Amino acid sequence: MRLGFIGFGTMGQPMVEHLLKAGHELRVWSRRAASADFAVALGALRCAAVAEVASGSEIVCTNVTANADVAGLADALRPALARGAIHLDFSTIAPGVAKTIAVAHAECGVDFVDAPVSGGGVGARNATLAIMWGGREELAPRLAPIFSALGKSAVRIGEAGAGQVAKACNQMILVNLIEACAEAAALAAAAGVDFTLVREAMLGGSAGSRALEVFGARMATRDFAAGVEARLHHKDYALLTDEATRIGAPLPVSATVWQQLNALMARGLGTQDTSSLLRVLETVRPESAR
Amino acid sequence: MNVGFIGLGLMGRPMALHLEKAGHALHLWARRPESLAPFAGVNAKTYAAPAQVAANADVVITMVADAPDVENVCLGADGLAAGGKPGLIVVDMSTINPNAARSIGSRLGEKGIEFVDAPVSGGETGAINAALTIMVGGKPEVFEKVKPLLEKMGKSVTLIGGSGAGQVAKACNQILTGVGVMAVAEAFNFAAKSGVDAAKVREALLGGFAYSKVLENHGQRMLDRNFKPGFKAWMHQKDLRIVMEEAHRMGLMLPSAAATAQVFNAIVGSGMGENDSITALQLLEKMSTPE
């Protein structure tokens, strides 16, 4: 397929490599040309402008950070995309923003699909991402070759915006559990017990989880280098709590975890892994654990 | 003085009328023409756009719902900036994000228009009785010029600091009143579920360290089961959203405000948003009663 790709961060870079390996023709553009050099070296076509990516592609993928980044790219892509083309966004943004873009695209005969992913840098490298997407059901066959090149599962959640709702749920469960792991680690340490053994024992039981497995391990070994940069989870919490406020849904636990993330940011740990939530708790370590 | 006024709702209408009564000429624009009806027969001119209000006024006061509305009225097409002469003063009395206020202020400043943020506390009753508490952010010399106007609407007018500082004070006000209402509601529900008369508890506590205006006023309304607004719960939800947005931006841990904001989400989500914010008590009662 003739594809476009914009956004070459920790996630985007390996995704581009997988798409090229799968034999797709890829047009790329980046604000700083150097970010796309790796893709050009692998055979991608460098474009001078976003519109040029759009005019040559059946499907344009974007993978950037903020609401405003996706909205800005959407505005630049819209007039240049052919009728029937798809804008496939892998970024994590607000469901409301995704819906707004979808409506504007539809007026130009262009489809918007929100397809946020879970699995982090490791999942992107191993093409084992969990993809949750929102968009018209008829698009599924056209999206399937892309999804199968990038992930081990792709579930259509509903219309445009629904993928972002699923991602919000995903982030809430994951980060709330990371905080639970951090609190368990802090409690174990304060009680003079080895969290490595506590974690090992728990992994086989009802409290076992991916969070305990992956992030719990980083806490046990005190390896806080990213991983997943905590500032990205912090950003996600602003999106999901904002959505909760908009629809009047109470999220008492998530709101509390959000505050721990705020403290993490204030302590300058935003570029560290989210397992650093343990270090936020250690700021107020009980006497017995010192 | 020629005073422009935009935002003639529950709060804005009595506030504007106080200014007219004090001898000022009003210049008005309203999104909904029916909002202008109460001003027939007083010294007030109406216009087709905010730009024309700005062209005819020395000071323009805005009292609207949220940051995008203030932004629109000030900087949108036919907004105040399009008609205001250099030296015009815009006083925004809405409650909006402090950072948004700073941004609007600096963009108006580029056009030679002065901006102060002057959010209020005291609700509709305070507006009607000209008894509002007004918290101001802006340049001291601009504050001195508008202070006599503000004193016609409020009983306490304080310059807090530079641009945005009024909104910061209002955010602090909403943390204290939001968390305060929750504290009183939790205490009353605790007393009632323990089989103790909450009215007696309130009476006893008013004399001690737990005394607060919220315990006195909001507490009495809870005991009277008077959930009519006052200050609507959805507005408190909005104001706490602003608080939490700023906390997120700055990396500030606000655990109590965060928990309170979630209770207000639950209130709005369960259709109680039009009640006074003391409806938090009803939510707690519902959550502590078997299905």
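The legends below describe close-up views of a predicted model.

**View 1. The contact between chain B and chain A.** In this predicted model, 19 residues of chain B are in contact with 18 residues of chain A. On the side of chain B that touches chain A, the elements contributing two or more residues are helix H11 (233-250) and helix H12 (255-269) of chain B, and of these H12(B) gives the most, with 10 residues. Sorted by class, this side of chain B comprises 12 nonpolar, 6 polar and 1 charged residues.

**View 2. Helix H12 of chain A and its surroundings.** Helix H12 of chain A, formed by residues 252-266, has 15 residues and reaches 22 Å from its first C-alpha to its last, which is close to the 21 Å expected at 1.5 Å a residue. The helix is mostly covered, with 11 of its 15 residues buried; among them are A:Trp258, A:Leu261, A:Leu264 and A:Met265, along with the polar residues A:Gln259, A:Gln260 and A:Asn262. The buried residues of H12(A) pack against helix H8 (162-190), helix H11 (230-247) and helix H13 (277-282) of chain A, and also against H11 and H12 of chain B. After H12(A) comes A:Gly268, which has a positive phi, near 80°.

**View 3. The two domains of chain B.** Chain B is divided into domain 1, spanning 2-161, and domain 2, spanning 168-287, and the centres of these domains of chain B, taken over C-alpha atoms, are separated by 29 Å. Where the domains of chain B meet, 11 residues of domain 1 are in contact with 13 residues of domain 2, and the side of domain 1 that touches domain 2 divides into 5 nonpolar, 5 polar and 1 charged residues.

Conventions. Residues numbered from 1 in each chain as written. Chains lettered and ligands numbered in written order. Predicted model: local features only at pLDDT ≥ 70, side-chain atom pairs only at ≥ 80, totals over all residues. Contact = placed C-beta atoms within 7 Å. Helix = DSSP H or I, 4+ residues; strand = E, 2+ residues; numbered from the N terminus. Domains from an automatic or database assignment. Expected span 1.5 Å × (residues − 1). Buried ≥ 20, exposed ≤ 12 C-beta atoms within 10 Å, placed from the backbone.
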